There are 2 protein chains.
Amino acid sequence: MSSYSPAETAEKSGFSIDTLRYYEKIGLLSDIARNASGRRVFSDDDLAWLGLLRCLRETGMPIAEMLRYSELARSRGDTVQERLELLQDHDRRVEERIAMLREQQKHIKWKISLYRDTVRGAASA
Amino acid sequence: MSSYSPAETAEKSGFSIDTLRYYEKIGLLSDIARNASGRRVFSDDDLAWLGLLRCLRETGMPIAEMLRYSELARSRGDTVQERLELLQDHDRRVEERIAMLREQQKHIKWKISLYRDTVRGAASA
DNA sequence: CTGCGACCTGGAGCGCGCTCCAGGTCAAGC
DNA sequence: GCTTGACCTGGAGCGCGCTCCAGGTCGCAG
């Protein structure tokens, strides 16, 4: 098996059918095959691509940048270097985001410990 | 010094003046003092509260939940237990988010390494 | 006493990323 | 032959979190 209906693709990719259509419309997905009656038929390659899109989306890449990436990916010329740089930049931002979350988490944990002290204090009083 | 103009507060808190007004309007900020001519005057306590709001916001807490938290915080009754649970839940979500980012980052790094191989291959060819 | 700039208000508008809808087509099952 | 249901299209609508705007009020500097 190597071709999938919209419903199967939605299930496997984690995007809704509406989102798949939207992604095709704006150009994140191109050359999606159609059967005789005009319905979309997704391939394993499409699924792999959707997997990457999902990963970029979930790590916070804006759609505009994913669009830039997919234009590079489908371009005829050699864009490997540019794609590499784009992903490296993104990777750096993910790293920063993780560091920021860890930092802010300290503040939250500190606040939690204050509340815990209060609860304990009230219980022992 | 322990009172701050809107502009100072914006600068220190990292929220824009418009956002400060918006937060007061929706109830995230309450009892902000005013001077004789009706202008806002922020205190050190307000700034500390804004610091917490900022931290919750940046770690992805939706405004609706921050609102719930601030209602608990300003309530007359003993809501320490509830606030504790809310923050603990949030802390757990932050943890999960970090784990997810790390996981997805593997995918990105794998893709990066593919591109690097391609670049190297092309250079040596 | 004039001008300026920081502030005020209520409310409209915006950017993002979908999500939903009306109206239609087609293939399969009864 | 009819119904059903998965799919199609173009386009409107939505939820979130601000952000901007018009029109007005102060208080101080020149």
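**Notes on the model**

1. The crossing of α1(B) and α3(B) is right-handed, meaning that the near helix is turned clockwise from the far one by less than a right angle. Helices here are DSSP runs (H or I, at least four residues), numbered from the N terminus.

2. This is a predicted model, in which local features need pLDDT of at least 70 and side-chain atom pairs count only at pLDDT 80 or more, whereas totals for chains, interfaces and linings use all residues. Residues are numbered from 1 along each chain as its sequence is written, with chains lettered from A and ligands numbered from 1 in the order in which they are written.

3. On the side of α1(B), B:Thr9, B:Lys12 and B:Ser13 meet B:Leu47, B:Leu50, B:Gly51 and B:Arg54 of α3(B), contact being C-beta atoms, placed from the backbone, within 7 Å.

4. Chain B and chain A each give 29 residues to their contact. On the side of chain B that touches chain A, the elements giving two or more residues are α3 and α5 (80–124) of chain B, and α5(B) gives the most, with 25 residues.

5. Of the 17 residues around DNA strand D, those that come nearest are A:Ser5, A:Ala7, A:Arg40, B:Ser37 and B:Ile63, where near means a C-beta atom, placed from the backbone, within 6 Å of the strand. The elements giving two or more residues to this surface are α1 (6–13) of chain A together with α2 (17–26) and α4 (63–74) of chain B, and the largest share, three residues, comes from α2(B).

How values were computed:
Contact = placed C-beta atoms within 7 Å.
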